[in-house]
Amino acid sequence: MAGNILVTGGAGYIGSHVCKALARSGFTPVVYDDLSGGYRSNVRWGPLVIGDLMDSTRLDAAFRSYRPSAVVHLAGFIAAGESVQDPAKYYGNNLVGTLALLEVMQARGVKALVFSSSAAVYGDVAEMPIDETAAIQPSNPYGHTKAMTEQFLQDYARNGLRSVSLRYFNAAGADPEGELGELHEPETHLIPLVLEAAAGLRPRIDIYGTDHPTPDGTCIRDYIHVSDLADAHVLAVERLRAGGGEGAEAYNLGNGCGFSVREVIEAAERVTGRRVPLRECGRRPGDPPRLIADPGRAIADLGWRQKHSELETQIAHAWAFLKQRIEGESRAAG
């Protein structure tokens with residue numbers, strides 16, 4: 001086997017897909033998760049240690065027991081809108097928790113970290129697509145925590161830590177084999193919300209802002225399949241373990257094209273064959289009107305390639321997972 005990789009937040013949506021991809025590449029993912037946003041049932045490819053990032057004793061014990069050669073850090077709160085309403089929650093978990101992790105890594109001599117960052121570090125950028133040279137100017141507390149963590153990693157690089165920050169645009173879809181999917185409580189991501197509305201699990205989808213400076217007035221986002229996202233983490237781990245890269249690196253992970261909220265709804269209606277009820281609402285604070293990635297650096301340096309770039313494919317995989325979940329709940333109910 002290629003060795004143990006500690007995956008914080010590995011029981012969550014993206015984390016579980018990362019663990020599956022790591023296992024496929026010969027690694028043993030060791031999940032460290034408090035299960036506040038993840039599920040025990042998602043942990044299938046290695047051991048689970050239940051713990052909080054800020055519990056340094058518990059975290060250190062996991063390092064001593066499993067001796068990981070690298071860490072993939074995904075244990076962060078992710079809802080940009082909520083971060084505006086409750087910034088203390090985000091600064092506490094996303095920053096203080098990361099510092100606790102970095103201190104234990106340093107004490108145990110683990111020098112390789114892949115960090116789950118975000119396109120939110122860029123804020124409202126006028127020129128699209130966005131490459132890694134764009135100014136870091138987040139527009140909400142969530143984005144600030146990601147940008148500040150990247151600064152931590154630059155500072156720790158002076159002490160020998162090598163890191164790769166993967167700046168996600170919008171993760172979407174579900175495991176093509178149907179084993180994993182999106183199950184946030186509460187759900188905040190557009191595609192599962194749209195599909196739940198199509199399935200009749202919620203009364204409608206709310207569109208936040210119809211007067212943005214975009215062709216149809218709704219926000220435009222770049223959607224990347226979660227399995228493609230997971231593959232990038234494996235490539236980043238392999239790069240660090242092979243001694244590649246220097247200090248703290250950062251890569252955009254996106255599709256290179258964007259779709260508006262209305263376009264996502266229309267694509268979901270085509271995939272499901274159902275109408276999606278909607279309601280138009282005012283803008284949300286801190287919502288950039290347009291975010292589209294230039295993923296060229298990840299393609300060049302990591303050798304990353306997308307397998308599921310089509311929006312309708314991403315929606316179809318998510319729809320298959322949702323239908324499977326509904327059928328399972330129906331059987332369980334008797």
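1. Let me start with a loop: Leu 35 sits between β2 (27–33) and β3 (48–50). Helices (H or I, at least four residues) and strands (E, at least two) are DSSP runs counted from the N terminus. Leu 35 is not a glycine, yet its phi is positive, about 65 degrees. Its relative accessible area is 23%, so it is partly exposed; buried would be under 20%, exposed over 50%, and partly exposed is in between (1.4 Å probe, protein chains only).

2. Before going on, the ground rules: this is a predicted model, where local features need pLDDT of at least 70, side-chain atom pairs count only at pLDDT 80 or more, and totals for chains, interfaces and linings use all residues. Residues are numbered from 1 along each chain as its sequence is written, and side-chain values use heavy atoms, with hydrogens and water left out.

3. Arg 67 also has a positive phi without being a glycine, near 45 degrees. You'll find Arg 67 in the loop between α2 (56–66) and β4 (70–73), and with a relative accessible area of 69% it is exposed.

4. Check the omegas at two prolines. The bond from Met 128 to Pro 129 is cis, with omega near -5 degrees, and Pro 129 belongs to the loop between β5 (112–118) and α5 (141–156). Glu 185 and Pro 186 are also joined by a cis peptide bond, omega about -5 degrees; Pro 186 is in the loop between β7 (170–172) and α6 (190–198).

5. Val 72 deserves a click. Ignoring neighbours within four places in sequence, its contacts (heavy atoms within 4.5 Å) include Ile 5, Val 7, Val 114, His 233 and Val 237.

6. Overall, there are 10 helices and 14 strands, and 52% of the 334 residues are buried. Along the principal axes, the C-alpha atoms fill a box of roughly 55 × 50 × 40 Å.
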